[in-house]
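Work through the exercises below with the structure in view. Try each task before reading its solution.

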Amino acid sequence: MICPKRTAELITLHLAPFKDTDPAWEIGVSKIAGRGIFTTRELKRGDIIFRDSPLLIGPSARAEDTLNSCSVCFKMLPDTKFMCRQGCGLPVCSLCGKKQQHKADCTLFKSWKPCEPDVANSLLIRLLCVGRAINLSKDQRDLVYCLQANLDNNHRTEVRNAAKGFHEFPTDKKLIEIMNRTVAVLRTNGFDETSDRSNDNQEFLYRALFPLFAIMNHDCIPNSYYTFEDKTRNMIVRASVDIPAGTEVTTTYTKLFTGNIARHLFLKMKKGFTCKCSRCSDSTEKGAFISALYCRDTNCTGLAVPETTGLPHPNWNCLVCKQKSTHAQMVKSQDFASGAISSKFNSKSLKSVVLYLRDKSSSFIPDSNYVVIDAKLQVIARLSKSREDCGDEEAASKAKFCEDLLEIMDKLGLGDCVMRTYLETEKAKEVK
Ligand SMILES: [Zn+2]
Ligand SMILES: [Zn+2]
Ligand SMILES: [Zn+2]
Ligand SMILES: [Zn+2]
């Protein structure tokens with residue numbers, strides 16, 4: 001672990017443009033892991049804890065249909081002629097083409113001689129965020145190196161694969177090391193693979209590294225949430241709940257509505273740690289029962305929950321009759337419900353999904369289960385765009401579904417977050 005003091009110095013330099021003379025946060029040694037961020041004073045729900053700006057940012061270029069997003073402002077450009085005419089191999093809009101940022105990107109990429117500069121190549125475009133690390137100042141680079149990086153076997157593949165798209169990609173070991181390290185830091189702490197950070201109903205067209213945010217530790221019931229300013233892409237982190245002075249500020253790396261088993265697995269595989277938060281050590285998940293299924297004994301009305309052993313296939317216990325079951329025995333009923341819901345979705349009739357969730361599914365699977373939650377989220381999203389084949393009555397279920405999910409959030413003890421705002425807004429649209 002790099003000392004919290006040096007990290008704090010570098011972060012302070014990075015955040016200097018915000019001129020925050022009395023920060024509500026400080027970096028300290030965390031009980032969760034390594035360093036963390038702590039409040040320096042009492043904060044009320046909704047208060048800003050800090051702002052952060054991206055130290056590195058670039059297009060995520062994950063999907064073929066987003067390759068025509070400008071590499072500087074990320075605006076979507078017309079389908080043709082969006083590539084820089086100078087031959088750097090990057091998409092850029094006419095306005096940004098004249099900006100300092102693109103001039104630096106352009107010089108860098110042209111010096112590596114892209115093999116097909118007129119063709120949008122996702123590997124090359126994705127590399128921009130990483131390549132920009134080369135042009136950082138020494139303090140900024142030190143800050144990248146201060147951040148945690150899981151240096152697993154895969155972190156070198158990105159640069160190696162992108163290199164094939166250039167005739168004269170650098171062979172200098174130091175430069176390659178900077179890029180590989182940046183990839184690892186981005187993968188560990190950045191907004192990169194959308195799945196890693198789509199936790200709170202936000203998706204990203206770009207990959208980016210927000211250094212102060214990167215230091216924040218995880219909790220499955222975070223006490224902060226973040227939003228972005230449209231123009232600057234700066235991040236604003238706010239208190240989800242009232243936070244006493246000297247408390248560690250946490251965020252979540254997982255989706256809010258996944259159950260204990262899935263979250264454990266994700267955190268273990270993708271983030272390399274075992275979460276010991278209050279939700280993870282409670283088999284009922286604070287009484288929200290997001291993993292719960294009905295007891296296997298058809299005469300028992302109890303709920304069965306998985307043990308919090310952290311194993312991928314834990315044993316389950318009924319909370320009423322105490323019957324013990326294996327994971328395989330329990331997930332059968334979940335797989336059945338999940339299959340039934342999927343087939344309704346595949347039928348293309350939204351009405352049939354709504355009716356199933358409203359009247360049928362709860363006889364196979366508790367309404368609190370994440371399979372049902374996920375389906376309701378999909379219905380809410382679709383109904384917010386169009387009614388499809390739904391009549392008044394089915395469309396009205398949207399408000400009810402929002403309410404169901406908000407109730408689950410309350411049980412979990414989740415305060416303000418983007419998901420809550422979204423559900424409240426969608427609910428309010430129906431209740432007039
Ligand atoms: Zn632009
Ligand atoms: Zn260019
Ligand atoms: Zn946890
Ligand atoms: Zn039972």
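**Exercise 1. How many bridges join strand S11 to strand S12, and do the two run parallel or antiparallel?**

Some ground rules come before the solution. This is a predicted model, where local features need pLDDT of at least 70 and side-chain atom pairs count only at pLDDT 80 or more, while totals for chains, interfaces and linings use all residues. Residues are numbered from 1 along each chain as its sequence is written, and chains are lettered from A and ligands numbered from 1 in the order in which they are written.

Step 1. Find S11 at residues 303-306 and S12 at residues 316-318. Strands (E, at least two residues) and helices (H or I, at least four) are DSSP runs, numbered from the N terminus.

Step 2. Count the links: three bridges join S11 to S12. Strands pair if DSSP finds at least two bridges between them.

Step 3. Read the direction: S11 and S12 run antiparallel. Val305 has Asn317 of S12 as its bridge partner.

**Exercise 2. Check the length of helix H10 and list what it buries.**

Step 1. Helix H10 covers residues 327-346, which is 20 residues. The expected span is 1.5 Å times one less than the number of residues.

Step 2. That rule gives 28 Å for H10, and its end C-alpha atoms are 28 Å apart, so the two agree.

Step 3. Met330, Ala337, Ser338, Ile341 and Lys344 are the buried residues of H10. A residue is buried if 20 or more other C-beta atoms lie within 10 Å of its own, exposed if 12 or fewer, and partly exposed in between, with C-beta atoms placed from the backbone.

Step 4. These buried residues pack against S10, S11, S12, S13, helix H11 (350-360) and helix H12 (370-385).

Step 5. Look just past the helix: Lys348 takes a positive phi of about 70 degrees.

**Exercise 3. Describe the hairpin of S1 and S2.**

Step 1. Strand S1 (residues 25-29) and strand S2 (residues 35-39) run antiparallel, joined by five bridges.

Step 2. Trp25 has Thr39 of S2 as its bridge partner.

Step 3. Five residues lie between the two strands, and Gly34 in the turn has a positive phi of about 50 degrees.

**Exercise 4. Is Ser240 buried or exposed?**

Step 1. Locate Ser240 in the loop between strand S8 (235-239) and strand S9 (248-251).

Step 2. Ser240 has 23 other C-beta atoms within 10 Å, so it is buried.

Step 3. Beyond its neighbours within four places in sequence, Ser240 has contacts including Arg45, Tyr225 and Asp416. A contact means C-beta atoms, placed from the backbone, within 7 Å.

**Exercise 5. Which domains divide the chain, and how do domain 1 and domain 2 meet?**

Step 1. The domains are domain 1 (4-53 + 210-251), domain 2 (56-196) and domain 3 (293-430). Their bounds come from an automatic or database domain assignment.

Step 2. The contact takes nine residues from domain 1 and eight from domain 2.

Step 3. On the domain 1 side, helix H1 (4-15) and helix H8 (211-215) each give two or more residues. H1 gives the largest share, five residues.

Definitions and conventions
Contact = placed C-beta atoms within 7 Å.
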